[in-house]
Amino acid sequence: MRKVFFGSLVLFSLLTFFLMWYFQFAQFKFGYFILGIIVILFFIGVYDVNQKTHAILRNFPVLGHFRYLLEKISPEIQQYFIETNTDGRPFSRNIRSLVYRRAKSVNDTHPFGTQRDINGEDYMALRHSIYAVHTNDEDPRVLIGNELCKQPYSSSIFNISAMSFGSLSSNAIRALNIGAKKGDFSHNTGEGGISSHHRQGGDLVWQIGTGYFGCRDEHGNFSEEKFAEKANWPEVKMIEIKISQGAKPGHGGVLPGVKNTEEIAEIRGVVKGTTILSPPSHSAFSNAKELIEFVTKLRELSSGKPVGFKLCIGRTEEFTAICKEMVAANVYPDFITVDGAEGGTGAAPLEFSDSVGLPLEPALIFVRMTLEKFQIREKIKVIASGKAITAFAILKNIAFGADLCNSARGFMFSVGCIQALRCNTNECPTGVATQRANLVGGLVITDKSERVYNFHKNTVHAVQELLGASGHTHTSQLSASDLVKGDEMIKLANRYLPDSVNTQV
């Protein structure tokens, strides 16, 4: 191919020179431009042939660059030209469009019927009632805080999940917090600590990760003094200990060095420009007993604010051991956030995202049943996190055992994310997940904060409509019996009637 390439350049050069001679040079000035292009291609080809990094370029000089170009824009090609409305990953075009419409408060209805395969095994439906009821238009609230909590928090059923400043841009964080303030719902800081961008008046859930960013000493260990100072800020309503997250359970947080600016490094107490890898586990505790003691310590240092922990379920016996320790010590966290393996992140090793952790549905069922087994379910609120974007997803999670839901990527869509899949490169084209000033500037805070507010308001309204269709007036009345798998209902002549339906006949 190298001989063909250079031979073609020689042939085109001779042909161009002949045409220039034939038209007496002055009448064919365009030939000089062609010759210039040929010279440029020649030198690129020489470089490609002699470099030793890419075999494709050595074998296919110049032409090989098109392979890398197509690879770079392949997510856009897939999204705009190949995928259907229902098969996009991690979120389909239909789901993304629903968020955009609700964020803009425009018509969010859908024409001509469902595009989903309702005969498929993964189809799940709400068992509606023929005696539908009207529910209140207000946002249903959940009070978080047991008898050990001095400052319980009245939470919305739908809140912003953990996303750090660093993973997200300053403008995105500000827009999220301003929207949360207007809509009266909470905003989880993520493990990166509390920045000035988080402090726009919205309620905060301060997440404490394994790096203890914002409350760490010079050795990277937990600092009681620094924690107590920030935990008692009035906008901090709850404290969440991050044990693990669904997108990379057993792996610490990752902030690529290209996104670690001077401001972020100062907030986190690290060196600017370095890739930040949080430890995979906490240094403040190493077993169930120490975890419960740490919960007590944070509750005392925060003057009695709700304290809980977030985890992705892996070894179920470890969660059972935590419950046993709660009962033995008679100390209970105010909430537990259950993250599913389908959860998202700005950067994670592929193996961790694809192959580690329990999905949200079975994890929620396990957590609920375990808490009920130890008779402590009423003391602890359960928060579901993991692809909770639509009203049905929220109802489904609550039916399986949650009290409320958090969403990260849903609110990212509301501030303009287009699922470009470049969160880990600092090249996010919408200014949401980047620290490049020229890209961040494209995200207008006043406009996007209003969209955050609209998305929350319209989604909660949709929850109320679905709730009324099921015959309930509050989300606390939901249970797994309100759901049915679609493949259990089709082609009854060839399939069995499930017990959940048969017992109702």
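Among contacts (heavy atoms within 4.5 Å) in the chain between residues at least 6 apart in sequence, 68% join residues that are at least 24 apart. The structure is a predicted model, in which local features need pLDDT of at least 70 and side-chain atom pairs count only at pLDDT 80 or more, whereas totals for chains, interfaces and linings use all residues. Residues are numbered from 1 along each chain as its sequence is written, and side-chain values use heavy atoms, with hydrogens and water left out.

The chain contains 18 helices and 14 strands, which are DSSP runs numbered from the N terminus (helices H or I, at least four residues; strands E, at least two). The C-alpha trace spans about 95 × 70 × 45 Å along its principal axes. Of the 505 residues, 49% are buried, where buried means under 20% relative accessible area, exposed over 50%, and partly exposed in between (1.4 Å probe, protein chains only).

A nonpolar surface patch of about 790 Å² is formed by Met1, Val4, Ile56, Phe60, Leu63, Phe66, Leu69, Leu70 and Ile73. Patches consist of residues with over 30% relative accessible area and no salt bridge, with like charges joined within 9 Å and nonpolar side chains (Val, Leu, Ile, Met, Phe, Trp, Tyr) within 5 Å; a salt bridge is a side-chain nitrogen of Lys or Arg within 4 Å of a carboxyl oxygen of Asp or Glu. Accessible areas were computed by the Shrake-Rupley method with a 1.4 Å probe, and for residues only the protein chains shown count as cover. Helix α4 (residues 64-72) supplies the largest share of the nonpolar patch, namely three residues, while Ile73 lies in the loop between α4 and α5 (74-82). Ile73 counts as partly exposed because its relative accessibility is 31%.
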